[in-house]
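Please read the following note with the model open beside you. The points go from the basis of the model to the whole chain, and then to single residues.

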Amino acid sequence: MTMKIKLPPLTKAEKILALLNQWDPDKRVANGAGYRAYNYEAETIAQHVRSNSKAESVEKVIHDVFDCSLNDEEVKAIAKCILMAVKK
């Protein structure tokens, strides 16, 4: 007998949190902070990102949330990933 478990779909913030944990720009996860290391940032980005948002607006939100000098190419890449995750 197999048991099936039905999980609810991930929220927008949870999808963004997973992407930020993979990106790990501040090396919080690598230093042992846990999987909720970027919870505040993910929630803040999720509030500003919609499925029809443009990449430039997402990049601006990422720069505002992290409030530090980040590599522009990395920010563009993670902004595209966030948009793809939110559209699904």
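This is a predicted model: local features need pLDDT of at least 70, side-chain atom pairs count only at pLDDT 80 or more; totals for chains, interfaces and linings use all residues.

1. Two residues are said to be in contact when they have heavy atoms within 4.5 Å of each other.

2. Residues are numbered from 1 along each chain as its sequence is written, and side-chain values use heavy atoms, with hydrogens and water left out.

3. The secondary structure of the protein chain comes to four helices and zero strands, and from the N terminus on the elements run α-α-α-α. Here helices (H or I, at least four residues) and strands (E, at least two) are DSSP runs, numbered from the N terminus.

4. Along the principal axes, the C-alpha atoms of the protein chain fill a box of roughly 55 × 35 × 20 Å. Among contacts between residues at least 6 apart in sequence, 55% join residues at least 24 apart.

5. The protein chain exposes about 6300 Å², of which carbon and sulfur atoms supply 54%; accessible areas come from the Shrake-Rupley method with a 1.4 Å probe, and for residues only the protein chains shown count as cover. Of the 88 residues, 35% count as buried, where buried means under 20% relative accessible area, exposed means over 50%, and partly exposed lies in between (1.4 Å probe, protein chains only).

6. Which residues touch the most other members of the largest nonpolar core? In this core of 24 residues they are Ile-16, Leu-20, Trp-23, Ile-45, Ile-62, Phe-66 and Ile-82, and each of α1 (12-23), α2, α3 and α4 (72-87) supplies at least two residues of the core. A nonpolar core is a set of buried Ala, Val, Leu, Ile, Met, Phe, Trp, Tyr and Cys residues joined through side-chain atoms within 4.5 Å. Not counting residues up to four places away in sequence, Ile-82 touches Ile-16, Leu-19, Ile-45, Val-49, Val-58 and Ile-62.

7. The axes of helix α2 (residues 39-48) and helix α3 (residues 55-66) come within 10 Å and cross at roughly 150°. The axes are lines fitted to C-alpha atoms, for helices over the stretch in contact, and the angles run from 0 to 180 degrees between N-to-C directions. On the α2 side the contact is made by Glu-41, Thr-44, Ile-45 and His-48, and on the α3 side by Val-61, Ile-62, Val-65 and Phe-66. These residues divide into five nonpolar, two polar and one charged, with Ala, Val, Leu, Ile, Met, Phe, Trp, Tyr, Cys and Pro counted as nonpolar, Asp, Glu, Lys and Arg as charged, and the others, Gly among them, as polar.

8. In α2, the buried residues are Glu-41, Ala-42, Thr-44, Ile-45 and Ala-46, and the buried residues of this helix pack against α1, α3 and α4. An α-helix has 3.6 residues a turn, so residues three or four places apart point the same way.

9. Is Val-61 buried or exposed? Val-61, whose place is in helix α3, counts as buried because its relative accessible area is 14%. Leaving aside neighbours within four places in sequence, Val-61 is in contact with Ile-45 and His-48. Leu-17, which lies in helix α1, is likewise buried, with a relative accessible area of 5%.

10. The loop between α1 and α2 deserves a separate look. Most residues other than glycine have a negative phi. Asp-24, which lies in this loop, has a positive phi of about 50° although it is not a glycine, and Lys-27, also placed in the loop between α1 and α2, has a positive phi of about 60°. Asp-24 is buried, with a relative accessible area of 7%, whereas Lys-27 is partly exposed, with a relative accessible area of 47%.

11. Finally, Glu-74 is found in helix α4 and counts as partly exposed because its relative accessible area is 39%. The C-alpha atoms of Glu-74 and Pro-25 are separated by 9.1 Å, although the two residues are 49 residues apart along the chain.
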